[in-house]
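Hello,

I am handing over the structure below.

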Amino acid sequence: MLAEKAMGGVSELAATAIAERTGVPQHRVAVVLGSGWQEAAAVIGEPSTSIPMSEVPGFGSPTAQGHQGTIHSVTVGDSPVLLLMGRQHLYEGHEPSKVVHNVRTALAAGARTVLLTNAAGGIRDGLSVGEPVLISDHINLTGRTPIEGANFVDLVDAWDPELRSLAREIDPSLTEGVYAGLTGPQYETPAEIRMLRTIGADLVGMSTVLEAIACREGGAKVLGISLVTNLAAGVTGQHLSHAEVLAEGHAAAPRLGKLLRGVLER
Ligand SMILES: Nc1nc2[nH]c(I)nc2c(=O)[nH]1
């Protein structure tokens with residue numbers, strides 16, 4: 001608890017550092033780019049400023065994507081957008097306050113809309129590897145929360161219906177799904193996937209749910225998009241590898257970038 005309280009003022013410190021380094025007082029929109037989405041960021045636009053996460057208070061250096069983690073400020077249309085490349089995960093041993101430091105920093109930097117992207121396993125029949133799926137709701141199976149104290153945050157429509165409609169206008173082929181967030185780092189057993197399907201999950205991953213809760217606690221609208229990079233364990237009987245995650249992201253990058261840019265330009 002002390003560790004989480006200690007993170008309290010760090011998001012403000014981080015936001016101040018970002019404003020100073022970028023020269024942008026407020027970023028109204030932020031995008032968290034997860035595994036497989038890094039290349040899509042290039043399609044969004046050329047950053048005006050890039051800051052290694054290690055130089056911003058409270059950020060570690062994400063290990064899951066194998067890079068140091070970078071914060072970009074990029075102008076889309078005439079609005080500055082904050083791109084957060086990479087994230088912290090519970091499975092790296094981080095407390096929830098550290099896992100959600102990225103979005104709390106974005107909100108402290110002025111964000112009122114946050115796009116959360118991730119790579120996920122596909123559970124629902126008919127989902128294809130390489131397919132982006134809008135998150136319509138989530139099931140938090142981490143057993144954790146970033147919220148401290150009796151703050152009873154309402155999570156109805158946590159995944160903003162208007163932003164989802166906007167995304168579907170841009171790419172009418174998009175489908176929606178319920179994202180189950182687990183701790184990991186192991187993938188699920190086939191029996192666990194059968195359980196997740198039974199409780200209504202369409203996608204499964206190891207991130208995103210705590211960030212969404214923190215965004216809603218801070219009053220920001222959230223749009224979530226999962227890139228299906230593998231069919232969940234047992235769906236195909238295939239074994240899973242992290243390498244396939246990165247390969248699928250590479251292949252889907254042009255479509256993902258076009259989708260992100262389209263949403264950001266509205
Ligand atoms: N828990 C879980 N996380 C994932 N991330 C990716 I990419 N695929 C999976 C998956 O099948 N299960």
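**Salt bridges in the model**

Glu162 is exposed, at a relative accessible area of 58% (exposed means over 50%, buried under 20%, partly exposed in between; 1.4 Å probe, protein chains only). Its salt-bridge partner is Lys221, at 3.4 Å from N to O. Here a salt bridge is a side-chain nitrogen of Lys or Arg within 4 Å of a carboxyl oxygen of Asp or Glu. Glu162 sits in helix 6 (residues 161-170) and Lys221 in strand 9 (residues 221-231), so the pair ties together parts 59 residues apart in sequence. Lys221 is partly exposed, at 34% relative accessibility.

Helices (H or I, at least four residues) and strands (E, at least two) are DSSP runs, numbered from the N terminus.

This is a predicted model: local features need pLDDT of at least 70, side-chain atom pairs count only at pLDDT 80 or more, and totals for chains, interfaces and linings use all residues. Residues are numbered from 1 along each chain as its sequence is written, and side-chain values use heavy atoms, with hydrogens and water left out.

The whole structure holds eleven salt bridges. Among them is Arg21 with Glu55, whose closest N and O atoms are 2.8 Å apart. Arg21 is in helix 2 (residues 10-22) and Glu55 in the loop between strand 2 (49-52) and strand 3 (70-76), so this pair ties together parts 34 residues apart in sequence. Arg21 is partly exposed at 40%, and Glu55 is partly exposed at 44%.

Glu211 and Arg87 also form a salt bridge, at 3.0 Å from N to O. Both Glu211 and Arg87 are buried.

Best wishes
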